[in-house]
Amino acid sequence: MPSRTQRSFFQEKSGDIEALARNFSGYATNIDEYSIRSWLAQFDDNHLDVGLKLLKHVEFYKQPRVVHELQVLHETLEQINDNQREMIFCAFGQAGKSGDSLLHTYRIANHIPTLSSFIHLTDLPDYVEREDLMLVFVDDFIGTGDQALKLWEKIQGVINEENQVYLMVLCATDNGIRHVEEGTRGRLSVVYNTVLHEDSKLFSDSNIKFTSEEKAILRDYCMKAGSDPEGYGKSQLALIFYYRAPDNVISILRCDTKWKGLFPRNP
Amino acid sequence: MCASRLGKKEVPVNVIPEPNPLEGILRMFNIHNVRVSWELTPTALELKVVMRRLGTESEKELSQATSLSEVEVRRCKALLTFPKKYVDMSLTAEKNERISGHFFAELYPALELMLKIPEIGKKYSREDIIDRMIEKYRNKDIKGVLEFRDLTKLIRSIEKGSSRKEVVKVVRDIVEKPGVGIRSSFKSTAKIVYDAEKIYKNCKSLIKSISKLEPSKVEPKSSLVEGLSELKDAIERFLQAIE
């Protein structure tokens with residue numbers, strides 16, 4: 001049962017909570033006003049406003065936004081591909097999960113009819129003799145870049161060096177982009193729509209959206225929630241895709257421990 | 001810099017022709033063979049190129065070309081028989097969700113045998129069984145990929161005298177019922193067949209060894225005689241229990 005303070009807060013902020021519920025409505029776990037209230041109710045009464053403020057600063061990628069951004073990315077790729085190489089697309093993320101579904105959305109969003117342009121990683125050996133390709137790996141996000149580099153190490157042996165290779169993502173951290181491009185000695189170039197800088201880190205001094213006191217409060221809750229409190233690689237992000245929360249996100253938004261995140265990663 | 005310190009005007013280098021893709025891959029195989037070994041799935045992908053380029057799937061020839069052992073080649077080939085989504089899964093999923101290439105290589109022999117059992121092959125597709133095994137592995141019903149060897153042995157125990165009906169029921173339970181693991185099912189059903197086979201081989205070996213001994217050269221109170229007497233008693237007790 002909500003406390004009297006909580007009830008009063010929820011009533012006073014009902015407009016904000018409704019707006020957030022509308023914004024987050026496409027998430028995999030069907031977020032509504034009640035789930036937002038339940039999530040907020042985990043905060044102490046005097047921290048409810050900080051919790052609400054955090055939700056207002058969540059960077060949420062709804063499906064229409066993802067579709068639009070994939071169209072923009074496709075235009076960018078076509079501009080890069082000035083020597084008209086054949087484009088081959090391949091999911092780079094979690095097989096059977098975001099990477100695959102993103103690839104499908106990409107094909108539909110950009111009206112690409114040729115299924116043969118879309119391959120599995122396992123198909124790469126079939127293209128090793130070709131030298132006229134622009135290979136485009138598709139994923140939603142680069143955080144630290146570790147995962148991309150690990151995968152690159154496994155597949156680079158079956159990629160012909162004459163081909164141009166790109167990793168296309170909706171969003172990436174500046175450190176992640178640098179890590180990937182340097183780690184692959186420039187073989188893998190990152191194409192992205194949005195780049196996240198130091199000020200995107202919730203607890204960073206560069207982040208001016210939250211006061212030092214608010215950062216300390218949120219960090220404290222993250223620590224109590226556990227489960228990689230600041231997100232993988234201490235990325236400290238509040239970035240959510242409608243189909244999943246990256247592991248780089250702070251724990252109180254995504255974890256499923258004693259603290260129930262609003263955006264659980266494995267719903 | 002090294003050359004200049006050595007007072008050389010030119011850098012001494014060993015110039016080799018640029019390798020074609022096949023030569024490049026074979027060179028990498030040899031390098032990895034003596035340094036850090038590759039994971040199974042990347043190895044299998046590279047082997048796919050080698051097989052196409054050399055026009056052979058012979059394990060012996062591929063082993064000679066790549067310096068991989070024939071067993072490793074066989075495991076790579078087994079992995080490549082799986083649908084692409086599973087091989088991709090072994091490359092990309094996050095570490096806590098990843099199913100390694102070894103999972104599929106170990107599953108392969110048991111999977112082929114399961115599909116040959118009509119009661120299972122007619123009811124489930126290849127992918128149905130793979131998905132169920134992945135789920136069991138993630139739920140820790142199957143604790144390690146080597147347990148699939150027990151599953152293979154369990155099915156093969158039919159050829160060694162286990163009740164077909166009983167084995168098929170156990171295999172079906174493993175496929176169908178949550179919480180039913182491989183190791184315990186194997187122990188309760190087929191382990192005795194393999195234990196008996198092992199003891200039989202040991203008996204034959206022991207008989208052969210004893211027949212080579214010259215009794216007059218053995219001390220009556222030696223540890224050998226003592227051990228054989230204990231063995232004789234144990235065997236008699238066991239045979240009486242059977243009768």
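Helices α3(A) and α4(A) cross in a right-handed sense. This comes from a predicted model. In chain A, strand β6 is largely enclosed by the rest of the structure, because nine of its ten residues are buried. In chain B, helix α10 is largely enclosed as well, since seven of its ten residues are buried.

**Helix pair α3 and α4, chain A**

- Helix α3 of chain A covers residues 33-40, and helix α4 of chain A covers residues 48-56.
- The two helices pack at an angle of about 130°, and their axes lie 10 Å apart.
- From α3(A), the contact is made by I36(A), W39(A) and L40(A).
- From α4(A), the contact is made by L48(A), G51(A), L52(A), L54(A) and L55(A).
- Seven residues of this contact are nonpolar, one is polar and none is charged.

**Strand β6, chain A**

- Strand β6 of chain A runs over residues 164-173.
- Strand β4 of chain A, residues 133-138, is joined to β6(A) by five bridges, and the two run parallel.
- L135(A) has V165(A) as its bridge partner in β6(A).
- Strand β5 of chain A, residues 141-142, also pairs with β6(A) in the parallel sense, over two bridges.
- F141(A) has C171(A) as its bridge partner in β6(A).

**Helix α10, chain B**

- The buried residues of α10(B) are E147(B), F148(B), D150(B), L151(B), T152(B), L154(B) and I155(B).
- These buried residues pack against four helices of chain B: α7 (101-116), α9, α11 (164-176) and α12 (182-189).

- V145(B) sits in the loop between α9 (126-138) and α10 (147-156) of chain B.
- V145(B) counts as buried because its relative accessibility is 17%, and the cut-off is under 20%.
- Leaving aside neighbours within four places in sequence, V145(B) is in contact with H102(B), F103(B), E106(B) and Y137(B).
- F104(B) is 41 residues from V145(B) in sequence, yet their C-alpha atoms are 8.5 Å apart in space.

Technical notes. Residues numbered from 1 in each chain as written. Chains lettered and ligands numbered in written order. Predicted model: local features only at pLDDT ≥ 70, side-chain atom pairs only at ≥ 80, totals over all residues. Heavy atoms only, no water. Axes fitted to C-alpha atoms, helices over the stretch in contact; angles between N-to-C directions. Left-handed = near helix turned anticlockwise from the far one by under 90°. Contact = heavy atoms within 4.5 Å. Nonpolar A, V, L, I, M, F, W, Y, C, P; charged D, E, K, R; others polar. Buried < 20%, exposed > 50% of the residue type's maximum accessible area, 1.4 Å probe, protein only. Pairing = 2+ DSSP bridges.
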